[in-house]
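Here is a short briefing for a first look.

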Amino acid sequence: MSNIPETGRTPRVQIRLIIIQVLVFSLLLTLGGRLWYLQVRNGDEYTAEARSNHVQQVVQPAVRGSILDARGVPLADNETRLVVSASRTELMKMKDDGKAVLTRLAGVLGMKPKDVMDKVRLCDSQTPQPCWNGSPYQPIPVTDEATTQQALTIRESSENFPGITAEPTAVRRYPAPGSAKTSQVLGYLSPVTDEEIEKAKDTDSPFLRSDQVGRSGLERTYDKALRGKAGVTRYEVDKLGRVMGQTESDPGIPGSDLVTSIDARVQGVAEYELHQAMKTVRDETDKITGRKYEADAGAVVVMESRTGRVVAMASQPDYDPNVWIGGISGKEYAQLTDKNSNYPLLNRAIQGQAPAGSVFKVVSASAAVRAGYDFNDRYNCSSSYSMGNRSFANFESRGHGPITLGDALKFSCNTVFYRLGHQEWQRDGGIKPKKDAHDWFYRTAHDFGFGAETRIDLPNEVSGRIPDRQWKKSFWEANKDAWCKQGKKGGTYVEQIAYESCLEGNQLKAFDSINFAIGQGDVLITPIQLATAYAAISNGGTLYNPTIGKAVISPDGKRIQEIKPKAHGKLPIDAETISNLDKGLRSVVGPGGTAAWRFGGWPQDKIPMRAKTGTAQVYGKQTTSWFATYTDDYTIVMTISQGGTGSGASGPAVRNIYDALYGLDDEGNQDLKRALLPQPQKDLPKIQPDGSIDAPTVKPYDPSEQLVDPAKSNGQQQLAGPPPVWRD
Amino acid sequence: MTGPHGFSVSRYAPERGALAKLTARDSVLRRLDWPLLLSSLALSFIGALLVWSATRGRTELNQGDPQYFLWRHVLNTGIGVVLMIGTIWLGHRTLRGAVPVLYGISVLLILAVLTPLGATINGAHAWIVIGGGFSLQPSEFVKITIILVMAMLLAARVDAGDLIHPDHRTVAKSLFFAALPMVIVMLMPDLGSVMVMVVIVLGVLLASGASNRWVLGLIGAGITGAALVAALGVLDEYQLNRFAAFANPELDPAGVGYNTNQARIAIGSGGLYGAGLFNGHQTTGQFVPEQQTDFIFTVAGEELGFLGAGLILALLGVVLWRAGRIARETTELYGTIVAAGIIAWFAFQSFENIGMTLGIMPVAGLPLPFVSYGGSSMFAVWVAIGLLQSIRVQRPITA
């Protein structure tokens, strides 16, 4: 190539031209490198970002499955309401942003046009309620109370209402068949929170913003099955939100139905009787405090003895679960969580715990047998038991002389168990335990399932407490600082206790063991634990996980996933001991037994009844009434906080529940036609070929039906029975 | 049909038929720089496709005709090619005589922009609306006249053989004539164009052989000027925001940083092969603003991928390489300076335009030569190609 020659170009220019060329190509190389970095190296990241840019999803919520009782009666289902919704995407396409359409719509619905427009505007920091807080691509509900006529008007002249839909939409409902509310067992729903969405994002069951989530009870335990899967259609949209095409559509799956072992009729009886028993006992005066009984809370569990299935479970105070529908108001929520209402959201059958009292004596009797005492030997039921300078009195300071353990249950003799508990404590080494201390009483309590959750299929069950050496130690560790600060030698009762606890609260004392033998002291149990344990005695020793869910049935009725009873342990006693316990508990309703006065006329030969009463002392409160009973089929446990004695407060109610189950009247005549459930319900409700489940109608419980002569019994009669010498 | 210097440069050939003339060994067609021409045409063709893709769905712009911008771009290219042919036909030496007139016209035009004749588009008062949907951006033509007027002044005495390098007086004079329109453009304010002009002046000075002091001085003056502009608040808020967003794109993704963010998402999501023409989500979804003009490169990035966008870079590389060859091989300093000015112009404007879509340069309203939609820019770059071709055609055959 020709260079420099006859031109005016000098080497300076020539070099500079080359510099320019080099500069130019380095710029191009820079661009190329950056391009490679963005597209090839980080391309995936930007692809994902681009996708989130232009896809919007529209959700068709899945209809939540129903919760049915054992015969198919819905306890929770959905009602159809006519919901009128407006599609913002459609309205925004119009010249006036849909103003004309919304005004017409307001006319049809009898609303003010402004109210309708306010409802469909999007929320932002400057917009006060009402406004739409959800996705702008989701149809926005204008009203959920449209009449059929209004819906028809909108649908028939759809050309006048572009973007407006009037569709029947499912809304949760708790119908309370036969006035069985089943409140705490069913639980409730509330809208999903941001954290939950985030947490469940990558699981196989992600939430949608429109989802309602089970917050407690069965609604929570079986949430995933009941919820189903919402249908999602993803649309590609442009920058202005105009839909450009449908990318994919994911059809929804309606929620499955849950069949439970609850029988709505029995549930109705249980709820009524619990409420009634508490009401009745509030009219009685507590001899110890001289006040009327508070009866501030109570629970009853009706369980199938051979499976652990729960037929009824009620807790007082209760509430109407429908209060949650459509969003609970602040006032209503405050009422449900207020101290004055005594926390009706609590399911006291699984979340209420109290000292056990004498219902615990089956554990002590079993512990004694395990420790080597013969069940049928004679043990002295003295009027009091002395330890050092302390004396522990029997109930009403009556003695019965030497009796078997079976009779000790029958009379609920404290001193027999005081002595056994004390002796065992001494054999284990007392305050300074031996290395191989048996701790039979504590160990047996654990083996009966106390101090641990029963694993019922309800959330937030509490575990109760067995105050064994281990617990004493850790409890002392946790509290000694406070005790030592508060304690004062020779101070008030509380100060003195604190003082002693500070010094030696870590030791399991003789006093503790004596108290524990009759279910007093620091021991806490829940009604469901007690029911599980007594059902185990009834069924020959198997501790079942209590269950309420019986089967999950797919909406088409084709897939049935049964929930089989599952055991979590065996009672730590042999069949002979179980049989001995059984005989002892039978005698409790027999002549001289503590519950005899409540089972007058009971057909003991046909339907053998076993029972144990309990009256637990609670510091600073009135006594807790416990009543644990079972037949071959059912176990019923009732408790009333600050309700007095076991048989006194809970006896009639439990008897009435049995009467209703077996169709008995007060004199023990059985009428199977009236019997609600003489045998536990084994089969699932019949499922129709279309997947629907037939539900029999439920009549509300009429308590007078079980009385022999309604005229004779006005509610006073039962209370006015012979004053029991041996009732607790 | 012969021009003063153009189609009948063969001085010793006997009379021949027109076709034979065109195909003769020393004919204009043979002497044209074909890689330069073909690369430019290819860029314009790719540009037409990209403009089409970017505007197909923009009903608010294309008046209901999805191909509206496609045909307009093709028409602009056609006019540009005609302008190139005209420039070759006239020849850069002829034009050298007309430079003062052209310069005067271009300065009057940009002055006219500042009068009520001018229109504001995208914050810059840089347009003259002609009517019928046409508008003119005179600053595009000023880029050419600045190159021409400086080349004329700087090369005059060197090409005459008086001097080896332009003297200080000449350099000062040429800088004055360059600065005059730049001040006017700055007032519009069209900062992007001023930036390009500064780089053009730098390229011109370098190629002219002006002393290093001038070159370094100009670089220093540029930096000082930029600092001064920022300090005196001459910049509008939108211009400052562009720089702020460049410094920190996450600052406000929905506001100022939005453009660059969306542009980067578009390009990044293209990957190696791209989504395919018309298949880019970012493009069809119209997420990138000004996509047919300043952000045209994002369409290439998203729909044609690294291969397609890389091809555009390669074609620009060919154009700049051929222009560099022309600068180095011409016999007159005038031609060298003109070619170097054009190189500086094309190179910087391309780098700024593509760089801002890639997030390595701040946003400035500059079109990508040949590719972006826009008549004024298209005409100006094709006139520049005409000048380059003319420089090459008119140099003596050396082979």
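Where in chain A is the place of A:P317? A:P317 sits in the loop between β12 (310-316) and α12 (330-337) of chain A. The model is predicted.

**A cis peptide bond**
- Most peptide bonds are trans.
- The bond that joins A:Q316 and A:P317 is cis. Its omega is about -5°.

**Positive phi values**
- Most residues other than glycine have a negative phi.
- A:S412 has a positive phi, near 55°, and is not a glycine. The loop between α15 (405-411) and α16 (414-427) of chain A holds A:S412.
- A:S412 counts as buried because it has 30 C-beta neighbours inside 10 Å; the cut-off is 20 or more.
- A:Q642, also a residue other than glycine, has a positive phi near 55°. A:Q642 is found in the loop between β23 (634-641) and α23 (646-662) of chain A.
- A:Q642 has 25 C-beta neighbours inside 10 Å, so A:Q642 counts as buried.

**The contact between chains A and B**
- Chain A gives 37 residues to the contact, and chain B gives 48 residues.
- On the side of chain A that touches chain B, the elements giving two or more residues are α1 (11-41) and α2 (43-54) of chain A.
- α1(A) supplies the largest share of that side, 18 residues.
- By class, the side of chain A that touches chain B has 16 nonpolar residues, twelve polar and nine charged.

Definitions and conventions:
Residues are numbered from 1 along each chain as its sequence is written. Chains are lettered from A and ligands numbered from 1 in the order in which they are written. This is a predicted model: local features need pLDDT of at least 70, side-chain atom pairs count only at pLDDT 80 or more; totals for chains, interfaces and linings use all residues. Two residues are in contact if their C-beta atoms, placed from the backbone, lie within 7 Å. Helices (H or I, at least four residues) and strands (E, at least two) are DSSP runs, numbered from the N terminus. Ala, Val, Leu, Ile, Met, Phe, Trp, Tyr, Cys and Pro count as nonpolar, Asp, Glu, Lys and Arg as charged, and the others, Gly among them, as polar. A residue is buried if 20 or more other C-beta atoms lie within 10 Å of its own, exposed if 12 or fewer, and partly exposed in between; C-beta atoms are placed from the backbone.
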